[in-house]
Amino acid sequence: MSPRETDLALAGEYALGLLPPAEHEAFELRLATDRTLALAVAAWRDRLHELDAAAPPIAPSPDLWAKIEGAVEAPPRVAAASPPRSVRPQVEGRPSVFAGLWENLTLWRGVGFAGAAASIALGLVLVATPKPRAPIAIAVLLTSDGVPGAIVDIYADGEALVAPLQDVSVPDGRTLQVWTLPDVQRGPVSIGLMPRAARTRLASMELPAPKPRQLYEITLEPAGGSPTARPTGPILYKGYAEPPR
Amino acid sequence: MTADAVATDRTDLCAADLAACARGDRAALRAIYEREAATLIAVAARIVRRREVAEEVVQEAFVQIWRRAGSFDPALGSGRGWVFAIVRNRALNAVRDERHVPVEDEALAAYAEAATDVDDAFGRLAASSALRRCLGGLEPRRRASLLLAYVAGLSHGEIAERLNVPLGTAKAWVRRSLLALKECMA
């Protein structure tokens, strides 16, 4: 079977609901970034849809719509997702223009910029916003192909700011989870959950300050986080932290 | 209007309604419900076997449809296919969780019903349908392997058991039938 045929059959098996949990998860991870595969899945759905459309209808109970409407009116449950102990994930709202500038300035550090124009811009921003905290370490997390996927800024108080660099559509019932490996003996430790690929601030008070070349990674886990307190899902991105020079 | 034209029409309605749901228009969710709920319950019931469980599945699915409508991408396929896929997935999750604690009598009854449902689903396809023609071209047990998975929501292992063949054979039948179906419907 050619690779193309294998993917076609895999997409069909996914549409049929035949993939075992681990393969199902790995396939959804590929789906999030592989449009050809997503098209193949949708084509299978549409190809087989007639089997569903021709099913003899069963009238819903009279109160079914009311139940749906009641559930839809309830506030979104994102905030209620139970995070691991001592970890408070918080997805930030849209950053202000100035906040965005500050993030950029953080990234420019080390590149080394100078000149009157930059100084003037910096002056303007200094007037407009409070002084930003400087991270004590920055980790650039890469995909298995070496493409930058996310940046993690780690602050002295243990807080981490995770900024995804790629669009990831997190499948329903799943979450992204951020991990680090403070030492091999202790094993990976969860820093917190990122329900969607958006800039996320994670406050993890118990972790020691990162050492040079400390490993960070982001995995795909069941909603609410890995049930085992260890990464169980596929790794999306990983990389090492270094203190900014 | 032909049956195909009706189906196309409905598909487009779903895509438009999903776009409206993403904008927070609850009437659009109601419109999907009015049009599709009875068929969706039927599809879920073929997998979960119990009507009240099927209704729960559809209820959860509609909440999910509402929350995820913004992630529907019309360039990837029909809105109706997307809606039905959500219900199928939830039904499969419900039944896979539940199969850990089978109730003896119900399991036996379900076993018999699944076979009937599969034959019935194939028989109900329109005479002019390409899907019917292409499924009809498959060797009957290979066709059954596909239909048991799609219509009754059986796993590879359950299909192997049902068709009394080794697991590897059931997997190979499903794969080759899928590729043959794709080729035939192209």
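1. Helix α3 of chain B has 18 residues, and from its first C-alpha to its last it reaches 25 Å, close to the 26 Å expected at 1.5 Å a residue. The expected span of a helix is 1.5 Å times one less than its number of residues. Helices here are DSSP runs of H or I with at least four residues, strands are runs of E with at least two, and both are numbered from the N terminus. The model is predicted: local features need pLDDT of at least 70 and side-chain atom pairs count only at pLDDT 80 or more, while totals for chains, interfaces and linings use all residues. Residues are numbered from 1 along each chain as its sequence is written, and chains are lettered from A and ligands numbered from 1 in the order in which they are written.

2. Which residues of α3(B) are buried? They are B:Ala54, B:Glu55, B:Val57, B:Val58, B:Gln59, B:Ala61, B:Phe62, B:Ile65 and B:Trp66. A residue is buried if 20 or more other C-beta atoms lie within 10 Å of its own, exposed if 12 or fewer, and partly exposed in between, with C-beta atoms placed from the backbone. An α-helix has 3.6 residues a turn, so residues three or four places apart point the same way.

3. Two residues are in contact if their C-beta atoms, placed from the backbone, lie within 7 Å. Ala, Val, Leu, Ile, Met, Phe, Trp, Tyr, Cys and Pro count as nonpolar, Asp, Glu, Lys and Arg as charged, and the others, Gly among them, as polar.

4. The contact between the chains takes 37 residues from chain A and 48 residues from chain B. In chain A, α1 (3-16), α3 (35-53) and α4 (64-73) each supply at least two residues of the side that touches chain B. The largest share of that side, 13 residues, comes from α3(A). By class, the side has 23 nonpolar, five polar and nine charged residues.

5. Helix α1(A) has 14 residues and reaches 20 Å from its first C-alpha to its last, close to the 20 Å expected at 1.5 Å a residue. Its buried residues include A:Leu8, A:Leu10, A:Glu13 and A:Tyr14. What covers the buried residues of α1(A) comes from both chains, including α2 (21-33) and α3 of chain A and α7 (140-150) and α9 (167-185) of chain B. After α1(A) comes A:Gly17, whose phi is positive, near 85°.

6. Chain A also has strands. β2 (residues 137-142) pairs with β9 (residues 235-242) in the antiparallel sense over three bridges, and A:Leu142 has A:Lys238 as its bridge partner in β9(A). Strand β8 (residues 214-222) also runs antiparallel to β9(A), joined by six bridges; here A:Gln214 stands opposite A:Ala241. Two strands pair if DSSP finds at least two bridges between them.

7. Chain B comes to nine helices and zero strands. Of its 186 residues, 43% are buried. Among contacts in chain B between residues at least 6 apart in sequence, 65% join residues at least 24 apart.

8. Two residues of chain B deserve a check of their backbone angles. Most residues other than glycine have a negative phi. B:Arg49, in the loop between α2 (26-48) and α3 of chain B, has a positive phi near 75°. B:Asn164, in the loop between α8 (156-163) and α9 of chain B, has a positive phi near 60°. Is each buried or exposed? B:Arg49 counts as buried because it has 22 C-beta neighbours inside 10 Å, whereas B:Asn164 is exposed, with 9 other C-beta atoms within 10 Å.

9. B:Ala28 lies in α2 of chain B and counts as buried, with 21 C-beta neighbours inside 10 Å. Not counting residues up to four places away in sequence, B:Ala28 touches B:Asp17, B:Ala20 and B:Cys21. The C-alpha atoms of B:Ala28 and B:Leu18, 10 residues apart along the chain, are separated by 7.2 Å.
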